[in-house]
Amino acid sequence: MTELRGIYTLWLREVKRFIRDRVRVIISFVQPLLWLVVFAAGFSARIAIPGIDYQQFLFPGIIGQTLLFTAMFMGISVIWDKEFGFMKEILVAPVSRFSIFMGKMLGDSTAALLQGVIVFVFGFLIGIPFNPLTLLAALPLMLLITVGLVSIGLIIASFIGSLENFGAIQTFINLPLFFLSGALFPTTGDSIPGWMQFASKLDPLAYGVDALRTVILGPAWTPNNPLYVNLAIIAIFDLVMIGIGTWAFSRMKK
Amino acid sequence: MSPVINTSQLTKAYNAFKAVDDLNISVDKGEIFGLLGPNGAGKTTTVSMLCTILKPTSGSATVDGHDIVKESSKVRKSIGIVFQDPSVDDRLTGRENLLMHANLYSVPVSMQRDRIAKVLKLVELEDRADDLLRTYSGGMRRRLEIGRGLIHQPKVLFLDEPTVGLDPQTRDHIWRYIKDLKEANEITVVLTTHYMDEADRLSDRIAIMDHGKIDVLDTPQRLKETLEGDVVDIKSNDNKVLQELLATWLGFVNQRIEKDSLKVTVPNGKTVMPRIVELANQNNLYIESIVLREPNLEDVFLHYTGGSIRDDTTKELHGLSAIHRRAIR
Ligand SMILES: Nc1ncnc2c1ncn2[C@@H]1O[C@H](COP(=O)(O)OP(=O)(O)O)[C@@H](O)[C@H]1O
Ligand SMILES: [Mg+2]
């Protein structure tokens, strides 16, 4: 009970801080707009995916990308907390490190999820053809994807002292995960080099993007893996990351 | 009565360097225990171990009867801390910070409103409670942190340099809260400071700490009394020469030059003063002023540590940078 309350308290704090940061919420519209409108317009003629319009293909990928970038970015909250001393207040509280990690992770996941939902609504508004009700099915899936990604951000941040380093490392991880995930172009098929097909299999986001397409595009999309396989792989990835995250937070001192 | 805090050979080493070296202290229930020492003495390290943030390299300690390593979560429930550096969330309001703390420490929901209101009243922040912390001054944040440390009604409250970087008026306020607190509750306070006046005014007992060790531990009164005698403060045109003369001709051993004055500790100040003046005259030294006074805590400190706490310029810098850090938040 104590632990649950601790998790809830830390969750609420992250969400409050996120919502109060209006600038970030507004700026978050810009990137997906560029991808879905500008990038899609330029590339739709180059990349042909049988049975699906390129913008349609891109849309779940950009949701995945939004989740990835926001999730990784949220790790910054750990660095802020260390920098501004608030981390000490949390670490010395009678709450287990597992709960501290979970509270922060769920709070940051909620924030990333909200960003994802914004892009979802946005896609609907600019007229990408999909059934808006799929949001209901996509939501739990988006959460599942986010948990592992937020955990990566938190784990890195727990080891790192400065904002600059965090920014650099983040870019280093974000872009490969994004490019190899199949968000922008298919990473399977004869025309794709073998090394990339292999690397893509190591990218947790690839399973997320594939699952998102299955849910959002329906039968029009031929998945790389059956949905349940994707879900299982993502879930295992999440659990491993939560384990590592708890360990990383346990060794944190300030 | 068993002590609330007890340490036994408590040590924290960083490689070969011992930040806290074989510490044996016991703090009684209900007292304000002052840990006085210059920057780098090991005060924060001591407090961090007692608060279970740092693991001791060797030795052990109990807080409220719980072992700080084996029963760290029980220790955490029993203590409140005001850290040396700021530790509030400045994007939340004062009330939200307090509420979050109450929840992290499992204060029953039915009591939260009441406790928060009480604490806000104590630290005089009722009318600013719903403003974001980033709009608070350094002193207001400090007061909020002290209030926060009390929300869960801890048995022991640790205050690590609670008034560094604050203006005299705010310091005075904070000192009053701490005094009141002790009178009103059955709380034990461990206070670290490098300010003599703070330690003197608040502490029931003072431990003077330097280089990770306790040099002496007693009540402020008795500490001053141990320096039997009087202190004579002399300002002359050449303190160094005067010091040598006094040592050679009057046999004074307990002398120190500090800034522009020579301080001499003697058993009977009244009778030696004329002789000091006479000796100076005979040697063509000019005495600007000569003052007789009782020993203060600063003299005690110098006596035991052999160094002046004021000479340590880094400390003032530390105070300034703390103000600066508070100001930019
Ligand atoms: N993590 C650390 N690694 C190495 N030395 C440290 C560390 N933390 C503190 N110290 C050293 O331990 C000594 C005591 O520090 P501290 O307890 O902060 O002193 P105080 O609080 O009395 O000013 C200092 O010399 C400081 O430099
Ligand atoms: Mg300190």
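**Briefing: a helix pair, a ligand shell and a sheet**

In chain A, helix α7 (residues 97–125) packs against helix α12 (residues 227–250) at an angle of about 115 degrees, and their axes are 8 Å apart. The model is predicted.

**Helix pair in chain A**
- The crossing of α7(A) past α12(A) is right-handed.
- On the α7(A) side, the residues in contact are A:Arg97, A:Phe98, A:Ile100, A:Phe101 and A:Met105; they meet A:Gly245, A:Thr246, A:Phe249 and A:Ser250 of α12(A).
- Sorted by class, this contact consists of five nonpolar, three polar and one charged residues.

**Shell around ligand 1**
- Around ligand 1 stand B:Tyr14, B:Ala19, B:Gly37, B:Asn39, B:Gly40, B:Ala41, B:Gly42, B:Lys43, B:Thr44 and B:Thr45.
- Helix α1 (residues 43–50) of chain B gives the largest share of the shell, three residues.
- The shell has six polar, three nonpolar and one charged residues.

**Sheet in chain B**
- Six strands form an open sheet in the order β7-β8-β9-β4-β10-β11, with mixed pairing.
- The edges are β7 (79–82) and β11 (213–218) of chain B; each has a single partner strand, so one side of each has no neighbour in the sheet.
- On average, neighbouring strands of this sheet are turned by 15 degrees against each other, direction ignored.
- β7(B) and strand β8 (residues 156–160) of chain B run parallel and are joined by four bridges.
- B:Gly80 lies opposite B:Leu157 in β8(B).
- Helix α11 (residues 297–305) of chain B lies across β4 (32–36), β10 (205–210) and β11 of chain B, at about 40 degrees to β10(B).

Terms used
Residues numbered from 1 in each chain as written. Chains lettered and ligands numbered in written order. Predicted model: local features only at pLDDT ≥ 70, side-chain atom pairs only at ≥ 80, totals over all residues. Axes fitted to C-alpha atoms, helices over the stretch in contact; angles between N-to-C directions. Helix = DSSP H or I, 4+ residues; strand = E, 2+ residues; numbered from the N terminus. Left-handed = near helix turned anticlockwise from the far one by under 90°. Contact = placed C-beta atoms within 7 Å. Nonpolar A, V, L, I, M, F, W, Y, C, P; charged D, E, K, R; others polar. Near = placed C-beta within 6 Å. Pairing = 2+ DSSP bridges.
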